[in-house]
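Try each task before reading its solution.

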Amino acid sequence: MKLHAAILALFAQLGAAVVVASIVFFSHAGMDEGGFSMWQIAGMQGMLAAMAGYMLGMAWWWFPINLLFLPAVLLVQQVQLPAVIYLAGFLMLLAFNWGVIHTRVPLYLSRREVWKQVESLLPADEPYSLIDIGSGLGGMLLHLDRVRPMGVHEGVEISPAPWLISRILAFMQGARATFTRNDYRQLDLSGYDIVFAFLSPLVMQDLLVKASQEMRPGTLLLSLAFPLPGINHDFVIQAGEGDRQKLYGWRVRPDISIDYPEHLSLDIANLAH
Ligand SMILES: C[S@@+](CC[C@H](N)C(=O)[O-])C[C@H]1O[C@@H](n2cnc3c(N)ncnc32)[C@H](O)[C@@H]1O
């Protein structure tokens with residue numbers, strides 16, 4: 001059974017807390033005075049939690065989170081920050097994670113290895129149009145823009161902060177790729193030869209329905225990390241280590257037959273084809 005990362009982080013912190021509490025307790029027992037300062041305790045806790053997270057197989061980027069969690073809590077408690085800083089932090093979080101509120105899809109960036117695999121699927125000397133639905137900071141599209149000059153690359157992103165960053169990066173690099181702030185669910189996907197999605201398992205079924213209704217037969221739907229439920233993919237490319245680096249490809253077909261009783265719209269899509 002695969003536990004959610006937040007649960008593992010909780011285990012790591014709790015495990016570290018037990019060890020730190022024992023160290024503090026037994027060292028106090030042997031001392032007449034003194035003992036550990038709060039900062040030392042927080043430092044020990046952070047180091048042990050980070051190591052525990054590593055041993056529990058958590059992704060590398062949890063290491064600094066586990067390490068700094070308790071020291072950060074302590075710091076915030078000790079430094080009397082003005083309330084406006086908390087508000088600014090909250091708004092910043094919101095600006096980066098608007099997609100979580102709307103579609104429950106967080107910002108999580110794809111890697112260069114994946115961009116290279118997508119690149120290898122694209123024609124080098126023919127025009128085509130590709131859209132990244134949920135384009136984040138725009139990294140993949142800016143890369144494709146450099147290596148596939150005949151392609152038209154579009155990104156749509158719901159969260160204001162990543163969208164703004166992608167616009168600024170595109171401007172600074174003089175890229176042709178365009179970035180729009182919108183909800184991909186509002187878009188008509190019929191105009192694209194390739195649709196790339198790196199979203200969440202929670203939306204894959206709806207995406208498949210939308211794609212099968214709107215995309216032209218023979219065009220390509222690519223999903224990074226999350227398989228399209230209930231269909232046979234045309235290919236699966238392992239772009240790096242782990243399931244997060246799997247690129248699922250499906251050529252939209254008129255003869256799609258998927259058993260989704262809860263999705264009447266898909267039956268309509270099948271009839272329409
Ligand atoms: C996992 S990230 C992928 C970022 C980028 N495609 C990449 O490969 O690096 C998913 C992105 O989709 C955005 N998103 C979530 N729901 C969306 C929606 N309904 N419409 C447009 N973007 C959305 C999120 O804000 C987030 O930036």
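**Exercise 1.** Work out which residues come nearest the ligand, and what the shell around the ligand is made of.

*Solution.* Keep in mind that this is a predicted model. Start with the shell: there are 25 residues around the ligand, and Gly-99, Thr-103, Ser-110, Gly-134 and Gly-136 come nearest. Next, sort the shell by residue type, which gives 12 nonpolar, nine polar and four charged. Then look at the elements: α5 (98–103), β1 (128–133), α7 and β2 (151–157) each supply at least two residues of the shell. The largest share comes from α5, with three residues.

**Exercise 2.** Describe how α6 packs against α7, and say which residues make the contact.

*Solution.* Two packed helices are described by the angle between their axes and the distance between the axes. For α6 (residues 112–121) and α7 (residues 139–147), the angle is about 45° and the axes lie 10 Å apart. That angle makes α6 oblique to α7. The crossing of the two is right-handed. On the α6 side, Trp-115, Val-118 and Glu-119 make the contact, and α7 brings Met-140, His-143, Leu-144 and Val-147. By type, the contact residues split into five nonpolar, one polar and one charged.

**Exercise 3.** Zoom out and sum up the whole chain: how many helices and strands does the chain have, and what percentage of its residues is buried?

*Solution.* Count the elements to get 10 helices and seven strands. Of the 273 residues in the chain, 31% are buried. Finally, take the contacts with a separation of 6 or more: 66% of them join residues 24 or more positions apart.

Notes. Residues numbered from 1 in each chain as written. Predicted model: local features only at pLDDT ≥ 70, side-chain atom pairs only at ≥ 80, totals over all residues. Axes fitted to C-alpha atoms, helices over the stretch in contact; angles between N-to-C directions. Helix = DSSP H or I, 4+ residues; strand = E, 2+ residues; numbered from the N terminus. Parallel < 35°, antiparallel > 145°, perpendicular 65-115°, else oblique. Left-handed = near helix turned anticlockwise from the far one by under 90°. Contact = placed C-beta atoms within 7 Å. Nonpolar A, V, L, I, M, F, W, Y, C, P; charged D, E, K, R; others polar. Near = placed C-beta within 6 Å. Buried ≥ 20, exposed ≤ 12 C-beta atoms within 10 Å, placed from the backbone.
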